[in-house]
Amino acid sequence: MKNQLFIEAAMRSKLYQKKLKNIHLEDWSSIPFTTKDDLRNADTYDVLGVPLHQVATYHETSGTTGTPTPSWFSHKDIEQEAQVVLQSSLNLNEHDIVLNRFPFAMAIPAFIVYWASQKVGAVHIGVDKASMVTPDRRVVEIIKRTNPTILTLLPSEAEKLYHVGMQMGVRFPTKGLRALLLAGELVSPARKRYIEKMWGVPVHLLFGSTETGGLFMTCENGHYHIDHPNVKIEVVDDSGIPVENGVKGNCVISSAREGMPLLRYANQDIIQLIDGAQCNCGKTEPIMIHYGRKEDVIEYQNKSVNFYELQEAVYTLSKVPFMWKVKISSNRVQFLCQFIEPAGEAIISTIKHELSEKLGFEVDIQQTEIIPLEKLTEKPAYGKYAYIERELINEPEVLVK
């Protein structure tokens, strides 16, 4: 795709009109990267690429690592967002019942799934992860009642919801279930296989972010092909110099999305591009391998482990925990893990040996409670406000003669 498309789209926003005022746009390499701080510090309306009357939705990042980043989508954009899903090997169609567990509060994946479902006439069931109305227990109950064909949710939710179902006596796959669509977190090949074995159905992955929208879906072989018509992906080193195919580097995204165009956006992800012809799915576009965020890289004892490598180690353990996290300090790396049934010393010792060997440095193992198990099957904590309250009146005593 010609670079001019992205430049013209970017110059429709005030952000880039200011940022590129004195830049020679004919030389692509001279165009400065857009950073997360650029988007955070910009006026919310300056990132708009179309007049406000053409906007369909507004979204924001969570703000967990700083000021939230704004994100606008035009009516044409949401058509394209739906197409990312509809043109994938998921084969979403009018016969599907989609149970959508993505959070609807500001994040984008839930809306992409909804738009795609509406486009093809699929049944859509919204069970917002962020809502108190639909805790895990109720979601499993809805699955039992409605028999959805596709579940869409965060990878961590997929693992958690499976165990909630098990505690409630539900076995997966449930009747009619044919696929999971996951987004919002990195899923390495080992983690993908682990979740597929859990649920007994194929897992499809959606790559993107609130800032960029949905960009790519995995093919039937689990690869992200760079096939979005309005997106350009570059891989650069820490000095901003493009690297050769097959070399890991920093992800740089250009998007001609109308609502919020992005020009050379450095999203802090580590990626690698490889030849797409090696995939037998029929697509020939380059394949992108996503290794996670730079902030999630573990640097310890002269070793560097990215999040992809960490997941590959965890999800190939002889016993994978129900929940886990890694705690890093200057003198040790701790692997905190939780099992549905507490693991014995022999299992913990085996995990310590396996994980230390896979990561290349000594790891301390601590079995702990990350999520109280009793909370997994709690009933809804929220109900409608009651405007009328009736005091219970004691029934009069009946005297028996």
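Of the 401 residues in the chain, 50% are buried, where buried means under 20% relative accessible area with a 1.4 Å probe, counting protein chains only. What you see is a predicted model, in which local features need pLDDT of at least 70, side-chain atom pairs count only at pLDDT 80 or more, and totals for chains, interfaces and linings use all residues. Residues are numbered from 1 along each chain as its sequence is written, and side-chain values use heavy atoms, with hydrogens and water left out.

Let's start with the overall form. The C-alpha atoms fill a box of roughly 105 × 55 × 40 Å along the principal axes.

The chain holds eleven helices and 18 strands. These are DSSP runs numbered from the N terminus, with at least four residues of H or I for a helix and at least two of E for a strand.

Now look at one strand, β10, at residues 231–236. Because five of its six residues are buried, β10 is largely enclosed by the rest of the structure. Its antiparallel partner is β11 (residues 249–255), joined to β10 by six bridges; strands pair if DSSP finds at least two bridges between them. To find your way across this pair, look for Val236, which stands opposite Asn250 in β11.
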